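These entries record what I looked up in the structure shown below.

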Amino acid sequence: MLRIGLTGGMGCGKSTIARTFSALGIATYDADTRAKAISAMESTQAALKRLFGQEAARNRKILAGIVFNDPEQLARLNRLLHPLVLEDCRKWFETIGRQPVPPPYAVAEAAILFESGMDALLDFVIVVEAPEEDRIERCLLRDRCGREEILARFARQMPEAARREKADFLIRNGKNDTVLSAVLEIDQELRKLSKSKI
């Protein structure tokens with residue numbers, strides 16, 4: 001079974017692409033959802049409390065306020081959470097691969113896939129891109145925050161060109177792009193590659 005990563009910048013539509021793979025019967029892992037679940041675990045809560053205080057451990061908005069404008073605090077949070085999420089993802093891939101009839105591939109969706117080192121677990125990486133204005137519009141609708149805040153968040157992420165250089169597959173997901181055909185094409189290619197790996 002191939003281990004596939006799916007990543008892209010804020011507002012590029014990664015989750016939509018992940019849902020499309022799910023509709024094709026492919027198991028998908030959402031690193032953000034799993035990170036929230038791991039953060040709520042007792043052992044992680046204790047570590048968060050030690051690092052950032054009780055209020056921040058209990059309230060994601062307070063924690064976000066602490067870490068997102070302070071690179072040193074963000075690095076502390078990442079040193080705690082990244083290894084936990086990576087191990088969780090590794091176990092997930094192993095569980096999927098041990099099924100009586102394993103699928104040809106499984107997909108892990110992660111916003112900071114390269115930054116967290118998750119790419120070390122993977123066979124191939126799909127990068128999703130969209131024009132900046134489309135991404136801003138999606139974030140404005142989804143996150144209910146201002147344009148300036150969104151642009152500041154974009155600036156803190158890995159540049160699109162750097163992600164593109166590391167991509168094995170690229171999906172353009174702008175308003176005028178048809179993503180289903182791109183996903184189906186990648187699905188067929190991954191199924192072929194999976195057979196050649198056996």
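**Entry 1. Cysteines.** For this search I counted a disulfide as a pair of cysteine sulfur atoms within 2.5 Å. The model is predicted, and I read every entry with that in mind. I asked how far the sulfur of Cys89 is from the closest cysteine sulfur. The closest one belongs to Cys12 and is 17 Å away, which is too far for a bond. Under this rule I count zero disulfides. I also looked up burial: Cys89 has a relative accessible area of 0% and is buried, and Cys139 is buried, with 0% relative accessibility.

**Entry 2. The core around Cys89.** I next looked for Cys89 among the nonpolar residues. The largest nonpolar core has 20 residues, and Cys89 is one of those that touch the most other members, along with Tyr29, Val85, Phe93, Leu113 and Met118. H6 gives the most, with five residues. I recorded the general background as well: in soluble globular proteins, nonpolar side chains tend to be buried together.

I took Met118 for a contact list. Leaving aside neighbours within four places in sequence, Met118 is in contact with Ala31, Val85, Leu86, Cys89, Ala108, Ala110 and Leu113. Another core, of 19 residues, lies apart from the largest one and includes Ile4, Ala18, Phe169 and Val179.

**Entry 3. Helix H2.** I repeated the burial check on H2, where the buried residues are Ala31, Ala35, Ile38 and Ser39. Their arc around the axis is only 100°, so they are on the same side of H2. Among the elements that cover them are strand S2 (28-30), helix H3 (42-52), H6 and S3. At the start of H2, I noted a side-chain oxygen of Asp30 within 3.0 Å of the backbone nitrogen of Asp32.

**Entry 4. Salt bridges of H2.** My search of the whole structure returned 15 salt bridges. One of them joins the side chains of Lys36 and Asp32, at 3.5 Å from N to O. Both residues lie in helix H2 (residues 31-39), four residues apart, about one turn of the helix. Lys36 is partly exposed, with a relative accessible area of 38%, and Asp32 is partly exposed at 45%.

Arg34 forms a salt bridge with Asp88, with 2.8 Å between the closest N and O atoms. Arg34 is in helix H2 and Asp88 in helix H6 (residues 71-97), so this pair ties together parts that are 54 residues apart in sequence. Arg34 is partly exposed, with a relative accessible area of 28%.

**Entry 5. Asp134 and Lys175.** I then turned to Asp134, which forms a salt bridge with Lys175, the closest N and O atoms being 4.0 Å apart. Asp134 lies in helix H8 (residues 132-143) and Lys175 in the loop between strand S5 (169-172) and helix H11 (179-197), so the pair ties together parts that are 41 residues apart in sequence.

Lastly, I noted one network of salt bridges that share partners, which joins Glu129, Arg135, Glu160, Arg164 and Arg172.

Returning to Asp134, I found a polar atom of its side chain 2.8 Å from the backbone nitrogen of Lys175. Not counting residues up to four places away in sequence, Asp134 touches Gly174 and Lys175.

Methods
Residues numbered from 1 in each chain as written. Predicted model: local features only at pLDDT ≥ 70, side-chain atom pairs only at ≥ 80, totals over all residues. Heavy atoms only, no water. Helix = DSSP H or I, 4+ residues; strand = E, 2+ residues; numbered from the N terminus. Buried < 20%, exposed > 50% of the residue type's maximum accessible area, 1.4 Å probe, protein only. Core = buried A, V, L, I, M, F, W, Y, C linked by side-chain atoms within 4.5 Å. Contact = heavy atoms within 4.5 Å. Polar contact = N/O pair within 3.5 Å; in protein donor to acceptor, adjacent residues only side chain to side chain. Arc of directions from axis to C-beta.
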